[in-house]
Amino acid sequence: MKPKRTALPTTASAAAVALLLSLTACGGEASAGGDGSTVTVTVGYQSRTINTVTAGTLLRSLGHFERQLNSLGDGVTYKVDWQDYATGAPITAQMTAGKIDIGSMGDFPLLINAARGKQLGKPTRLVSVTGYNLRGGLNTIVTAPGSSLTSLKDLKGKKVSTSVGSAADGTLVRALQRAGLDPAEDIEKLNQQPAVGASALSSGSADALSQFVAWPGLLAHQGKAKALYDGARLDLPTFHGVTAREDFAKERPAVLEAFLRAQAQATGYLDAHPVAAAEKVAKATGLPAEAVYLYNGAQGIATFDPAIKPQLVAALKKDVSILRDAKLTGDVDVDAFVDDRYVKKALGTAAYADRLAAGPPEPAGEVWPKGAGKTLSFTSPGALLKHVAAHLDEVRAAYVPDATTGTLWFADQSVWVADGTELLPFLAPETAREYVADHGGARVVTYAEALERAS
């Protein structure tokens, strides 16, 4: 079974701290407080950040957490207050104010969560992982469909939208540095929420957009963007995870463990029923199910597993310098922030060890037939194209892994290369050109030509 995965101005940073302090000053009982017989547990999640669904959108729709709480048999009546946010920042603010008990967010926001919690004397802990990609494929840089930009170097002097302090911003910074560009000097960075950045890209006020799941795939599916850079080329893990207030975890460990057992159940459901899970998430979020499946499907960009893998912790430590250079945090003690005791107890020591050893599946292509409750898997791009060519009117979506990074992408949005009789897909044009340069006789072909060659 697959175990599923510009620095802010000083005034802005000060304002953020002031907001957190004001929230804390409001006082009030912690949200897990009660009269002894009724306890409300408040969960902060991001419904449209779809590789957190096993701790948010999907988990909520399945009702596993509520059932786990009801089975505790401790004489307490539990209520769950699900609070949906667009990003991790307000979840962190509410957690440090004692108003959210458990939250989920991306790796860079998790570090900010750790830093703010320590700064305000309201420490939090990373207690599990939701979706991850060991190479960084959850983040992608895209341009407008008609853009002439074809490489990272083309971004020099351009306006690039991203959410400062997010993992997508970290991908942008690292990718530009590897391309020999200065992220602070060679581009104009627009600090925007994903939806605002998507609008800016469409209107032409931004030349490119660097964002996290599910925005790049969503825009590509809608025909509003094309990929410029695959975050997996960095070969650095990226992930989303679950954080809990330290005082809540200590006061109600059984409740936290119930949440983590429920998360594992939701993960199992996603693994066993990937199409149904995508449809559930699509219904709850309004996102196209095809875009959800790109990330959360059987071969999706995200692998889901609650285990806190050593590779992810190591990546988190490397992320600290990016946030520190942007003056969003100081040093963060990652080892003190990570706490897998609760998830290990919730899943069992042996099962947890198995999950730590497990990894993502081997890349493969998938075709989602219209009206089908499951997809068809293909071991080669050529075989997938042959099937699509023969069933064009019956295909809801087709997905292929990038030939170099394994990042899944829509077949009709990929850059195709013909190398003799072999047909190879690439997520971004620069990667395809590099392959062609290294393989005499290979050339870029259109999707239509690739289909014709395969048929």
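Nine aromatic pairs, counted as 9 in the structure, are defined by ring centres of Phe, Tyr and Trp (its six-membered ring) within 6.5 Å, with planes under 30 degrees apart taken as stacked, over 60 as edge-to-face and the rest as tilted. The model is predicted; local features need pLDDT of at least 70, side-chain atom pairs count only at pLDDT 80 or more, and totals for chains, interfaces and linings use all residues. Residues are numbered from 1 along each chain as its sequence is written, and side-chain values use heavy atoms, without hydrogens and water.

Phe65 and Trp82 form an edge-to-face pair, 6.4 Å centre to centre with 85° between the planes. Phe65 belongs to helix 3 (residues 64-70) and Trp82 to strand 2 (residues 77-84), 17 residues apart; helices (H or I, at least four residues) and strands (E, at least two) are DSSP runs numbered from the N terminus. Both Phe65 and Trp82 are buried (under 20% relative accessible area, 1.4 Å probe, protein chains only; exposed is over 50%, partly exposed in between).

The pair of Tyr293 and Trp368 is tilted, because the planes stand at 50°, with ring centres 5.5 Å apart. Tyr293 lies in helix 12 (residues 289-296) and Trp368 in strand 12 (residues 365-369), so the pair ties together parts 75 residues apart in sequence. Tyr293 and Trp368 are buried. Together with Tyr399, Trp409 and Phe410, Tyr293 and Trp368 form one aromatic cluster. Arg396 lies over the face of Trp368, 4.1 Å from the ring centre (criterion: NZ of Lys or CZ of Arg within 6 Å of the centre and within 35 degrees of the ring normal).
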